[in-house]
Amino acid sequence: MAIVTGAARGIGAAVAKRLSEDGFAVAVLDLDEAACKPVVEEIAAAGGNALAVGVDVADEQAVEAAVARVAKELGAPTVLVNNAGIIRDNLLFKMTADDWDAVMGVHLRGSFLMSRAAQKHMTEAKWGRIVNLSSTSALGNRGQANYAAAKAGLQGFTKTLAIELGRFGITVNAIAPGFIETEMTAATAERVGVPFEDFKAAAAAEIPVGRVGRPTDIAATVSFFAREEASFVSGQVIYVAGGPRA
């Protein structure tokens, strides 16, 4: 079965639904359990098996309890998608320590805690897949010192886990999305005072394939990493961004 964090909406919801289509039972995790229910209901309506779980991924005890609950109610998790994320954008001189800590807590501490809890089940099964959500912001992005650092950190985390866990039949990879049309990017447009359609059009003009990304684009890449056929792909960072990135 699969666990997807930050799965109440956006990329996480698309990933949860795609993994269900691929035959996995899916635990839909987010900060607010009630917010996960629509995704769970949609999966169930399509004939899948899903469970809504509320958890703060930066809380060690909460993570251990959530993974234990998932293992008890759905079975041992062998796929983990660390997608939970927040933004607290600001220029460095305006960024507070709380803004820095909050972003690091969710992205890096959260991915560490979730991976540590889930790998116990994967090593026992001698099979597992961990997919971490990085970002093109890992290459640097104005006003996102915290987010960029966290997303770059996830790439180092990914490569290290791939080395440590490979002998147990576990692959660990990362996806670095470019501009994806989600509530988060819509909120960014609102924050900078630009209509979302104009915001998307401006982004698309800079993307070689001529469009912005969709959550299903990321879900399709997760689907590939989760397959048995992808067992020789590990420690990689795939930029799903409509064009080449460094």
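The side chains of Asp-22 and Arg-18 are joined by a salt bridge, with N and O 3.4 Å apart; the term stands for a side-chain nitrogen of Lys or Arg within 4 Å of a carboxyl oxygen of Asp or Glu. This is a predicted model, in which local features need pLDDT of at least 70 and side-chain atom pairs count only at pLDDT 80 or more, while totals for chains, interfaces and linings use all residues. Residues are numbered from 1 along each chain as its sequence is written, and side-chain values use heavy atoms, leaving out hydrogens and water.

By this rule the count comes to eleven salt bridges, and another of them pairs Glu-33 with Arg-69 at 3.3 Å, N to O. This pair links distant parts of the chain, since Glu-33 belongs to helix H2 (residues 33-45) and Arg-69 to helix H3 (residues 60-73), 36 residues apart; helices here are DSSP runs of H or I with at least four residues, and strands are runs of E with at least two, numbered from the N terminus.

Helix H5 (residues 145-165) has 21 residues, and its buried residues (under 20% relative accessible area, with a 1.4 Å probe and protein chains only) include Tyr-147, Leu-154, Phe-157 and Leu-161. Among the elements that cover the buried residues of H5 are helix H4 (97-125) and strand E5 (128-133).

Terms used: Expected span 1.5 Å × (residues − 1). Buried < 20%, exposed > 50% of the residue type's maximum accessible area, 1.4 Å probe, protein only. Contact = heavy atoms within 4.5 Å.
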